[in-house]
Structures are given as C-alpha cells and as structure tokens.
Amino acid sequence: MVLICRNYKGDVDMSEIDHFMHLLMQHEEEGLLCPVMSHGNVHFMWIKHSNLYLVATTNKNSNASLVYAFLYKLVEVFTEYFKELEEESIQDNFVVVYELLDELMDFGFPQTTDSKILQEYITQEGAKLEVAKSKVPTTVTNAVSWRSEGIKYKKNEVFIDVIESINVLVNANGSVMSSDIVGSIKLKTMLSGMPELRLGLNDRVLFGLTGRDKGKTVMMEDVKFHQCVRLSRFESDRTISFIPPDGESELMSYRINTHVKPLIWIESIIEKFSHSRVEIMVKAKGQFKKQSVANNVEVRVPVPSDADSPKFKTSTGSAKYVPEKNLVVWTIKSFPGGKEFLMRAHFGLPSVENEEMESKPPITVKFEIPYFTVSGIQVRYMKIIEKSGYQALPWVRYITQSGDYQLRTNV
C-alpha cells in the first residue's frame with residue numbers, strides 16, 4: 001500500500017510504484033535482493049526503515065549515491081520531527097510530510113535538508129503552519145543555510161566529542177579475523193553570532209586522500225564532513241575550517257581499517273554433559289592501559305535454548321539469565337585495564353535430549369572507555385574567531401566504545 005508519494009518532475013507515471021512490491025517479493029524469493037530494481041525503463045531505488053519502504057523512481061541514469069543520500073536524509077528529518085518514523089507517524093502527519101517533501105526537494109534537486117532550519121518555518125501545529133510560511137528564514141537563501149543569524153548565548157562554549165567504535169571478529173581459535181575503527185567527531189555548539197572555527201588534529205592523523213605513508217600514522221578512510229566544512233580549504237592545506245550549526249551536529253566521520261588488539265579479551269570453556277547439565281567458564285581480561293577504566297561492561301554468553309536452573313559465581317560484577325534471548329549477561333560496572341575477572345555458570349539440561357541442531361552464536365561484548373581513543377587521534381586546537389571578539393571555551397572529550405564486537409566459541 002502506498003502511504004504517501006510526491007512526483008517532482010512528472011516524467012514517471014505514478015502507477016509504476018504498483019510494480020515495486022511484486023518485484024521485491026520476486027527478488028527475495030530468488031535470493032537476488034538488491035538495492036536497485038527495474039521494471040521496463042523505470043528504476044526503483046529503495047531503503048527499508050522499521051515497517052516502511054522509502055522508494056525513489058527514475059527513468060534516467062540518475063546519480064544513485066545522491067538518491068540514497070537523500071533517502072537516508074529523509075529518514076533523519078522525519079525522525080527529528082516525529083521521534084519515531086513508522087506507518088502510524090506518517091498517517092498522523094500527512095500535512096507536515098507533504099510540506100517537508102516540498103521543501104526538501106524541488107524539481108528533482110535536493111534543497112534545504114537541515115532539520116533545524118526546516119523546523120523554523122515548518123511546524124507540526126497546523127495552525128502555525130500558515131503563519132510561519134509567510135516569512136521564510138533568511139538561512140534558506142543564505143550561503144550559510146545551516147545556521148541562523150542573531151544567535152546569542154550568555155556563556156560561549158563548544159563541546160567536542162571524539163567517539164570511536166571498535167568492530168572485532170575473533171574466531172574460535174583466538175585469531176582476529178577482522179577489525180576496524182569507526183569514528184566520529186561530534187559538536188555541541190553554544191556560540192553567539194557567526195563564529196569561524198578551525199579544528200586541528202594531531203600530526204599522526206593522515207587522510208586517505210594524501211597518498212602518503214609515514215609509518216606511525218593514523219590513516220583515515222571514508223572521511224565524510226558536514227556540509228559546513230570548507231572542502232576547498234581542506235583540500236589545499238588539510239585545515240578543517242567551518243561556521244558550525246547551532247546545537248548538536250556531527251562534524252565528521254571516518255573509518256580506520258587496521259588490526260586492532262581486542263581491548264577486552266574473552267576466553268571461554270563451555271562443556272555440555274548430555275541429558276544433565278552445561279558448565280560455562282568465562283575469563284575477561286582488560287587489554288588496555290592500566291590508567292583507563294571500561295564502564296558498564298556487558299559480556300553476553302549464549303546458552304542452549306532448553307537450559308534451566310541457572311547458578312552463577314563471579315569474581316566481580318553480577319550475572320543474570322535472560323531466557324527469552326538464551327543468554328547469560330555478565331555485567332561489570334567498572335573494569336580497570338590489565339585486570340582479569342572470572343564468571344562461572346551452571347545450567348541444568350532436560351533429560352530428553354534436544355535433537356535440533358542449534359546454531360552457535362558468538363559471545364558479544366559491550367563497553368565504553370572514557371578519555372581514550374584506540375587510533376591515537378587527538379584534537380590539538382580549536383580556534384574560535386567571531387567579529388565581536390568574545391572569549392569562548394572549547395571542551396574536548398574522548399570515548400572508545402564497542403561496535404560489532406564478537407568472539408566465536410568452539411561449542
């Protein structure tokens with residue numbers, strides 16, 4: 001069922017969308033599901049979000065990456081407006097959705113896509129909608145479309161968060177199969193006027209574009225900047241120079257494809273005794289510097305679906321059985337670097353043996369380590385220049401956290 005649609009150019013018949021679900025189901029049955037599907041000379045580019053499909057149609061050789069960037073931007077904007085993007089939130093907000101679709105794109109070309117600016121003149125109250133439309137904010141026609149003029153704060157501050165997520169896959173023999181770091185620099189800007197900011201990173205950081213290799217360097221790949229960053233300046237001398245959006249924003253994201261030593265190492269022995277019980281022993285070791293502490297560590301250990309009567313013994317923290325997910329969750333609030341902790345679990349198994357061949361899910365780990373980055377990236381300086389000459393304070397925080405962190409077991 002089509003919930004809502006908008007034909008920007010009028011060159012694709014609106015009835016073409018009726019073929020989409022049939023094509024999708026056909027491709028799914030054949031195991032050939034792909035992000036671009038065609039019916040005649042019409043191409044469908046689609047993404048799925050919760051219970052919705054967002055579909056763009058074109059009959060030309062369109063820029064696919066631009067289309068997908070726009071579809072994901074739609075999700076971001078609608079989520080900002082409606083908190084949850086699902087069928088019900090679209091049905092409850094048809095008028096606002098149509099208004100947004102008209103402002104986000106014009107004749108097939110993306111326009112204003114910043115939700116903070118859109119919220120200045122497209123509100124969720126129908127009565128306000130007409131009043132607000134009479135005066136479009138100057139930001140829409142400004143070169144700096146992501147920031148309004150006349151912003152004032154009593155105390156001028158900017159908070160910089162450098163957040164790195166570690167993805168690790170370790171096989172049952174203890175070898176690291178794959179690992180990488182996904183990072184982002186997030187800002188919370190509380191600055192008056194139209195400030196010019198310059199961000200300097202440490203000399204170890206090299207961007208993939210440079211093509212240089214200096215041994216002990218951090219080579220960033222897949223670097224993506226917020227639209228506020230002056231790319232021409234960055235291309236010429238690697239200076240990250242920008243007029244920031246007000247409030248929270250992601251300044252840049254990056255990936256570092258490197259061999260990462262697992263920060264929390266897990267060794268496990270899982271013994272099944274047929275018809276009677278299963279014994280689990282898990283040892284966790286902090287393989288990061290002793291001055292650092294991992295917070296809210298969760299070690300999730302899979303157990304057979306027919307296990308019962310759990311008993312636990314831990315050297316620190318607490319363990320609990322989550323039967324609906326067939327997991328033991330071992331929680332350690334504070335895990336200092338270099339320390340080792342132990343957890344033992346005992347489960348009964350029913351006398352009738354489970355004949356089903358169960359899959360072997362891996363052990364997964366969640367954690368967060370403040371004041372620490374794996375890559376060694378550091379903010380060397382943040383210069384804040386504004387014509388009124390006020391003094392502003394930059395604050396920097398570093399956080400390393402688990403991403404997709406899996407350790408396979410033998411059992």
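Here are some questions and answers about this predicted model.

Residues are numbered from 1 along each chain as its sequence is written. Local features need pLDDT of at least 70 and side-chain atom pairs count only at pLDDT 80 or more, while totals for chains, interfaces and linings use all residues, and side-chain values use heavy atoms, with hydrogens and water left out.

Q: What is the mean pLDDT of the protein?
A: pLDDT is the predictor's confidence in each residue, from 0 to 100. Here 89% of the residues reach 70 or more. Residues 126-135 fall below 50, though, with nine contacts in the model beyond near neighbours in sequence (contact means heavy atoms within 4.5 Å). The mean for the protein is 86.

Q: Which strands stand at the edges of the open sheet of three strands?
A: Strands are DSSP runs (E, at least two residues) numbered from the N terminus, and two of them pair if DSSP finds at least two bridges between them. The order is β1-β2-β3, with antiparallel pairing. A strand with a single partner has one side left without a neighbour in the sheet, so the edges belong to β1 (36-39) and β3 (52-58).

Q: How many bridges join strand β2 to β3?
A: β2 covers residues 42-49 and runs antiparallel to β3. As one example of who faces whom, Phe44 stands opposite Thr57 in β3. The count of bridges joining β2 to β3 is seven.

Q: What angle does helix α2 make with β2?
A: Helices are DSSP runs too (H or I, at least four residues). Angles run from 0 to 180 degrees between N-to-C directions, with axes fitted to C-alpha atoms, for helices over the stretch in contact. Helix α2 (residues 64-82) packs on the sheet and touches β1, β2 and β3, and its angle with the direction of β2 is about 35°.

Q: Which residue in the turn between β13 and β14 has a positive phi?
A: β13 (residues 264-273) and β14 (residues 277-286) pair in the antiparallel sense over ten bridges. Ser268 has Val282 as its bridge partner in β14. The two strands form a hairpin with three residues between them, and the one with a phi of about 65° is His275.
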